[in-house]
Amino acid sequence: MKKWIIALLLLSVMGSSVGFAAPAVQPGITVTVNGKLVNFDVQPVNDQGTVYVPLRFVADELGGLISAGQHQSVIISKGAITLSITAGSTAAYKNWQPFTLDAAPRLVDGRMLVPVRVLSEAFEATVTYANGRVAIMQEESVQPIETGVTGNTVGNLNNGGWYVADKEWIYFSNLQDSGRLYKQKKDGTEFQKIDDGVYAGSLNLMNGKLYYIGENNKLFSMDTDGSNKKLIIDFVLGRNLLTVAGDWIFYTQGSSPNKPLYRMKTDGTNKTLLEQYGLSSLAVYGGQIYYTIDSSKLFVMDLDGRHKKKLLEGGYISSIVLNGHIMYFNYKEHLYTMNTDGTGLAEISDHSAREINLSGNYLYYSNTSEYSKKLFRINLTDYTSEKLSDDKTTNIHIIDNQLYYINPNTRSFVEVDIE
């Protein structure tokens, strides 16, 4: 069994609460996790031999997921382990089985601090303390999932995921036939229906299988000839975001319009919560997950949920696409670029660009600054823009040198050669 450590989020407690007075100022305590120094915005304290640590940053480092419970309690989960603790109480639950802590977590200035001994008692980590230094060690470090291969482009999935392709075939949701799945060769021949299910979307093609959402919001897989169709999960409610990367499916699920983020194996096993707050957008790219919460906070994390980092906050953030280490997105109703580490934020156009997609050295988008949302593109070298069509433009998809968009006025898909 892998031994690991998880840390509690520095929890801001809502409403009135009974806290504990902070101890007098004392020499600084340092904390390392697997040899890496952790920097805190609230310092650890030693209270009569019991060291209390605010552990939000350790949780971010190791990928722990934290949610607030009732009556000043916190629930921490990672993989198959769930831990529930409460401020001021030594009573705790591990995988819903009761056990007793040596010392109670406490609230200091609205933040929850946890005795470091909780780590070894609950998660079998090695924790040592000597001369003001806390060292937390994992006998076997958590290994991240690494894959840069996804089942469709970020731009296509952002715009409905109605088109996906391999070297020979294009697979698509045929809006002229209630969104049923079709395929045809890239030369336009051998047009054929491969499934009778209606309203297929979020198409991903991975390892010779199609993954898609259709038929009353159910997630299916099937072979590319339409055989071996299997139900993976029934989402039941609302719009769900979906990307397949390697052997994993990243998806949102829940009852609210913006839903928490999960991952699972492509066979439907190993379901894990990655982000408890509802996502407004999702972009899996280059072995990282980029996502927004409430369309106003942009985050990045590893594919296993570790190393979560906020990149940008404020304004309205939407239509994210990526190219190498550069991001492009609509921000405060204008088109912006930014490095994937959160540096270099810069406006590149005063257009309010939506439905963004990327091909070569151009971004293609619906310009909502102009009447009727007309089709534009911008050169990513000199940032000059040009209008390509006077049609009202939505749901821009790109396959090789072909661009597809919906003209809502005529209720049809339009194909444009962008070679």
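A pocket, in the sense used here, is an open set of grid points with protein on both sides within 12 Å along at least five of seven lines, and its lining residues are those with an atom within 4 Å of a point. In this predicted model, the largest pocket is lined by 31 residues, among which Leu-157, Asn-158, Asn-159, Arg-239 and Leu-241 lie nearest its centre.

**The largest pocket**

- The space in the largest pocket comes to about 700 Å³, and the elements that give two or more residues to its lining are α3 (154-158), β18 (201-206), β22, β25 (272-285), β29 and β33 (353-359).
- By residue class, the lining of the largest pocket divides into 18 polar, nine nonpolar and four charged residues.

**Cavities**

- A search of the whole structure finds two cavities of 30 Å³ or more, and the second largest cavity has a volume of about 30 Å³.
- The lining of the second largest cavity is made up of Arg-239, Leu-241, Thr-252, Pro-257, Asn-258, Lys-259 and Leu-279, which divide into three nonpolar, two polar and two charged residues.

**Aromatic rings**

- Across the whole structure, a search finds 15 aromatic pairs, and one of them is formed by Tyr-163 and Phe-413, whose rings are edge-to-face, 5.2 Å centre to centre with 80° between the planes.
- This pair links distant parts of the chain, with Tyr-163 in strand β14 (residues 163-165) and Phe-413 in strand β39 (residues 412-417), 250 residues apart.
- Tyr-163 counts as buried because its relative accessibility of 8% is under the 20% cut-off, whereas Phe-413, with a relative accessible area of 22%, is partly exposed.
- Tyr-163 and Phe-413 also belong to a cluster, linked by ring pairs, that includes Trp-162, Phe-172, Tyr-182, Phe-191 and Tyr-404.

**Charges over rings**

- The charged end of Arg-106 sits over the ring of Tyr-52, at 4.2 Å from the centre of that ring.
- The charged end of Lys-183 sits over the ring of Trp-169, at 4.2 Å from the ring centre.

- Ser-318 lies in strand β29 (residues 317-323), and Ser-318 is buried because its relative accessible area, 11%, is under 20%.
- When neighbours within four places in sequence are left aside, Ser-318 is in contact with Phe-329, Asn-330 and Arg-354.

**Positive phi in two loops**

- Val-236 is not a glycine, yet has a positive phi of about 70°, and its place is in the loop between β21 (230-234) and β22 (242-245).
- Val-236 is exposed, because its relative accessible area of 57% is over the 50% cut-off.
- Lys-332, which is likewise not a glycine, has a positive phi of about 55° and is found in the loop between β30 (326-331) and β31 (334-339).
- With a relative accessible area of 47%, Lys-332 is partly exposed, because this value falls between the 20% and 50% cut-offs.

Methods: Residues are numbered from 1 along each chain as its sequence is written. This is a predicted model: local features need pLDDT of at least 70, side-chain atom pairs count only at pLDDT 80 or more; totals for chains, interfaces and linings use all residues. Side-chain values use heavy atoms; hydrogens and water are left out. Rings of Phe, Tyr and Trp (its six-membered ring) pair if their centres lie within 6.5 Å; planes under 30 degrees apart count as stacked, over 60 as edge-to-face and the rest as tilted. Helices (H or I, at least four residues) and strands (E, at least two) are DSSP runs, numbered from the N terminus. Buried means under 20% relative accessible area, exposed over 50%, partly exposed in between (1.4 Å probe, protein chains only). A charge sits over a ring if NZ of Lys or CZ of Arg is within 6 Å of the ring centre and within 35 degrees of the ring normal. On a 1 Å grid over the protein atoms alone, a cavity is a set of points where a 1.4 Å probe fits but cannot get out, and a pocket is an open set with protein on both sides within 12 Å along at least five of seven lines; lining residues have an atom within 4 Å of a point. Grid points are joined across faces, edges and corners, and a volume is the space filled by probe spheres set on the points. Ala, Val, Leu, Ile, Met, Phe, Trp, Tyr, Cys and Pro count as nonpolar, Asp, Glu, Lys and Arg as charged, and the others, Gly among them, as polar. Contact means heavy atoms within 4.5 Å.
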